[in-house]
Amino acid sequence: MTGHMRLGFHAPETAEELAHLVAEAVDTRTPLEVMGRGTKREIGRPVGSGSVVSTERMVGVPLYEPSELVLVAQAGTPLRQIETMLAENEQELPFEPVDLGPILGYGPGEATIGGVIATNISGSRRVIAGAARDYVLGVKAVNGRGEIIKAGGRVMKNVTGYDVGRVLAGSWGTLAIMTEISLKVLPAQREIRTLICFGLPDPTGVEALCLAMDTPFAVSGTVHMHAGLAKGLSHPEISGAGVSVTAIRVENFPASARYRASRLKQVLAAYGPRLELDTMGSRAFWEEIRTLKMFQGTKAPLWRISTTPAGASKLVAGLARKIEVRALYDWSGGLVWLQTQALTDAGAVEVRRTIAELGGHATLVLAEASTRGAIDIFQPLDPLLMALTTKLKQAFDPAGILNPGRMYQGL
């Protein structure tokens, strides 16, 4: 193949068309910005590229067997379409994917399933259900050579030994472009109860969440948020409280969920749970957590920090002494969504310094393009991990044309 690749926007409909397009880009050394519908396009370092490749026209669900708990979707299929189809069969994606679209100006559910898996961003239920990548049964993708690969099918040259599905989950389109994904799904929860405590300081709130997780009552959601964030939620008693909010969720069959909630109330008596949301109220509350409603409508920088529950409140307190912050703790403190002031570096110097001291990983999720181009968006890797990441990039995308520099400069 010779000549120059046409620059601009490309939205192929089939894996074969995409493979041809990528092979042409390799031949002409044209970097490609990879995306689905663009709902996460403003996350990561800006990709310096003359061409955009979107999977938005690869839509549809070629296979769904509710009795087998298996769904196969084209990568560009909107999340909303998949979740509606599952709900009609009383099933769901167990990892409760966080929907980042609404904080970046998109409607809920507009993200593609390919983007959900490529970013491996799991929601509150991760504490009991595991991560998005744990539900990937297989993938079909086009690598950076323009070859169509299948996990579990044809083994890639130089990639023997890698679980392709797990490797691509969390790679942000830098290794290969997924075209089709097979997922394990699970029955939806019939009854949901959420216990709410008000006014707990961060260390006490996280302590309550960890205590709840240590009970045998299969807690499936644990969040604690600052008062300034709680006022952005819809439930009048929660938004109007004017204090921090700590929420603990249990799900199951009706009798079991109610029993667990009543037992949890006894265990948490010292923390004063004052409100119990029923199934309808719980669904609304956790959907607002999932779409990060409390961060919508603002351009203030937002960080996603994974750390240990034991160190989470110390990390936030350490940062709060240096810069103004508002925090939502999820996963009992294992994940912190942290909003900072709009400083020139989004608070990166302080965030990285505090993490170096206390441990964790931080990704900048929301910031102006000028800021994103000037700082590390993803957690800088230690030399060993960087070597492995470079080796993976070499194996999947030796010409370095897929989302170059999106995650790490020079990769």
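At 26% relative accessibility, Thr 204 counts as partly exposed (20% to 50% relative accessible area, with buried under 20% and exposed over 50%; 1.4 Å probe, protein chains only). This is a predicted model, in which local features need pLDDT of at least 70, side-chain atom pairs count only at pLDDT 80 or more, and totals for chains, interfaces and linings use all residues. Residues are numbered from 1 along each chain as its sequence is written, and side-chain values use heavy atoms, leaving out hydrogens and water.

**Thr 204 and its helix**

- Thr 204 sits in helix α6, residues 202-213 (helices are DSSP runs of H or I, at least four residues, numbered from the N terminus).
- Thr 204 and Leu 335 are 131 residues apart along the chain, and their C-alpha atoms are separated by 16 Å.

**α6 against α11**

- The axes of α6 and α11 come within 9 Å and cross at roughly 165 degrees (axes are lines fitted to C-alpha atoms over the stretch in contact; angles run from 0 to 180 degrees between N-to-C directions).
- That makes α6 roughly antiparallel to α11 (angles over 145 degrees count as roughly antiparallel, under 35 as roughly parallel, 65 to 115 as roughly perpendicular and the rest as oblique).
- The crossing of α6 and α11 is right-handed (the near helix is turned clockwise from the far one by less than a right angle).
- On α6, the contact uses Asp 202, Pro 203, Val 206 and Cys 210; on α11, Pro 309, Ser 313 and Val 316 (contact means heavy atoms within 4.5 Å).
- By class, the residues of this contact are five nonpolar, one polar and one charged (Ala, Val, Leu, Ile, Met, Phe, Trp, Tyr, Cys and Pro count as nonpolar, Asp, Glu, Lys and Arg as charged, and the others, Gly among them, as polar).

**α11 against α12**

- Helix α11 (residues 309-320) packs on helix α12 (residues 348-358) at an angle of about 140 degrees, with the axes 10 Å apart.
- α11 and α12 are therefore oblique to each other.
- Their crossing, too, is right-handed.
- α11 contributes Lys 314, Leu 315 and Leu 319 to the contact, and α12 contributes Glu 350, Val 351, Thr 354, Ile 355 and Leu 358.
- These residues divide into five nonpolar, one polar and two charged.

**Cysteines**

- The whole structure holds zero disulfides (pairs of cysteine sulfur atoms within 2.5 Å).
- For Cys 197, the closest cysteine sulfur is that of Cys 210, 13 Å away and too far for a bond.
- Cys 197 is buried, at 0% relative accessibility.
- Cys 210 is partly exposed, at 26%.

Methods:
Helices (H or I, at least four residues) and strands (E, at least two) are DSSP runs, numbered from the N terminus.
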